[in-house]
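This report describes one protein model, going from single residues to the whole fold. Please keep the sequence and the structure in view while reading.

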Amino acid sequence: MPSPEPVLETARLILRPPCSADFEAWAAIARDEQAMRHLGGLKSRFEAWNHFTAAVGAWHVLGFHAFSVIEKGTARWIGRVGPLHPDGWPGDEIGWTLAREAWGKGYATEAATAAIDWAFKALGWTQIIHCIAPDNASSRAVALRLGSVLQGPGRLPAPHDDDPIDIWGQTREQWFARRQPHSS
Ligand SMILES: CC(C)(COP(=O)(O)OP(=O)(O)OC[C@H]1O[C@@H](n2cnc3c(N)ncnc32)[C@H](O)[C@@H]1OP(=O)(O)O)[C@@H](O)C(=O)NCCC(=O)NCCS
């Protein structure tokens with residue numbers, strides 16, 4: 001298992017495991033209709049709490065999950081980005097969800113780049129996927145910016161097995177072939 005409290009730093013962001021102070025901003029995303037459009041729709045505060053505590057728990061059980069993303073300039077929590085592998089998931093995923101005020105700044109791609117480096121190096125993953133609804137153009141664009149390619153339709157575990165999703169992804173070799181030679 002990797003170090004229990006990894007902290008990643010990029011030019012504009014800090015990525016660290018979630019903590020209790022993150023919950024209000026997490027719950028605000030759950031009640032933002034536009035942000036939740038491709039994430040199963042609006043969620044109650046109670047559902048958001050269960051989702052949040054499951055994320056905290058996954059860090060303890062597995063040693064990884066999505067990182068909380070903190071904007072360095074403001075110290076605000078702006079979203080969650082990183083590795084996920086819930087039981088029954090179709091692969092090792094790198095996922096991303098940001099609060100709406102953080103969209104359009106390149107933050108999802110910046111955070112995902114650091115998280116992918118970490119997943120390949122610290123977790124030893126050999127390939128990554130992104131499960132993306134076919135009509136989620138913003139998320140597809142992040143996958144493309146990262147160099148991932150469409151692999152075809154996939155299936156999530158029940159009760160999400162009827163949700164249409166595409167699997168995007170790439171291998172470790174493909175990722176590091178585009179990074180600096182010394183970064184692998
Ligand atoms: C999916 C999601 C994370 C994408 O966020 P995003 O901000 O569009 O993605 P990026 O961080 O890659 O930012 C790219 C945008 O920032 C712009 N940008 C501005 N400044 C930038 C900078 N300094 N560097 C890079 N890009 C910059 C880019 O031009 C691009 O804008 P465009 O989409 O208008 O062309 C966001 O829409 C989201 O959280 N959606 C709701 C949850 C969701 O659907 N998650 C995915 C489930 S699969």
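## Alanine 66 and the end of helix H3

Alanine 66 is in contact with Ala55, Arg80, Val81, Gly82, Leu84 and Gly95, once its neighbours within four places in sequence are left aside. The model is a predicted one. Alanine 66 lies in the loop between H3 and strand S3, which covers residues 67-71. Is alanine 66 buried or exposed? Alanine 66 counts as buried because it has 24 C-beta neighbours inside 10 Å, and the cut-off for a buried residue is 20 or more. Histidine 85 is 19 residues apart from alanine 66 along the chain, and the C-alpha atoms of the two are separated by 9.7 Å.

Helix H3 itself runs over residues 45-62 and has 18 residues. From its first C-alpha to its last, H3 reaches 25 Å, close to the 26 Å expected at 1.5 Å a residue. Just after H3 comes glycine 63, with a positive phi of about 85°. Threonine 53 has its place in helix H3. Threonine 53 is partly exposed, because 13 other C-beta atoms lie within 10 Å. The C-alpha atoms of threonine 53 and phenylalanine 23 are separated by 9.1 Å, while the two residues are 30 residues apart along the chain.

The largest nonpolar core of the model has 41 residues. Those with the most contacts inside this core are Val69, Val81, Ala111, Ala112, Ala115 and Ile116. Which helix gives the largest share of this core? That share comes from helix H4, residues 107-121, with 10 residues. In soluble globular proteins, nonpolar side chains tend to be buried together.

Helix H4 has 15 residues and reaches 21 Å from its first C-alpha to its last, close to the 21 Å expected at 1.5 Å a residue. H4 is mostly covered, as 11 of its 15 residues are buried. Among these buried residues of H4 are Tyr107, Ala108, Ala111, Ala112, Ala115, Ile116 and Trp118. Alanine 115 is in contact with Leu15, Phe67, Val81, Gly82, Pro83 and Ile94, leaving aside its neighbours within four places in sequence.

## Around the ligand

How many residues are around the ligand, and which come nearest? There are 20 residues around the ligand, and Gly106, Ala108, Thr109, Ser138 and Ser139 come nearest. Two or more residues of this shell are given by each of strand S5 (93-98), H4 and helix H5 (137-145). The largest share of the shell, 5 residues, comes from H5.

By type, the shell around the ligand divides into 10 nonpolar, 8 polar and 2 charged residues.

Alanine 102 has its place in the loop between S5 and H4. Not counting residues up to four places away in sequence, alanine 102 touches Glu71, Ile78, Gly79 and Tyr107. The C-alpha atoms of alanine 102 and glycine 79, which are 23 residues apart along the chain, are separated by 8.2 Å. Alanine 102 is partly exposed, because it has 19 other C-beta atoms within 10 Å.

Alanine 75 sits in the loop between S3 and strand S4 (76-84). Its phi is positive, about 65°, although alanine 75 is not a glycine. Alanine 75 is exposed, because 8 other C-beta atoms lie within 10 Å. Proline 159 is found in the loop between strand S7 (149-154) and strand S8 (165-171). A cis peptide bond joins alanine 158 to proline 159, with omega of about 10°.

## The whole fold

How many helices and strands does the protein have? There are 6 helices and 8 strands. Along the sequence they follow the pattern β-β-α-α-α-β-β-β-α-β-α-β-β-α. The radius of gyration of the protein is 15 Å, close to the 16 Å that the globule rule gives for 184 residues, so the protein is as compact as a globular protein of that length.

The C-alpha trace spans about 45 × 40 × 35 Å along the principal axes of the protein. Of the 184 residues, 33% count as buried. Among contacts with a separation of 6 or more, residues 24 or more positions apart account for 60%.

Key:
Residues numbered from 1 in each chain as written. Predicted model: local features only at pLDDT ≥ 70, side-chain atom pairs only at ≥ 80, totals over all residues. Core = buried A, V, L, I, M, F, W, Y, C linked by C-beta atoms within 7 Å. Buried ≥ 20, exposed ≤ 12 C-beta atoms within 10 Å, placed from the backbone. Helix = DSSP H or I, 4+ residues; strand = E, 2+ residues; numbered from the N terminus. Contact = placed C-beta atoms within 7 Å. Near = placed C-beta within 6 Å. Nonpolar A, V, L, I, M, F, W, Y, C, P; charged D, E, K, R; others polar. Expected span 1.5 Å × (residues − 1). Rg over C-alpha atoms; globule rule 2.2 N^0.38 Å.
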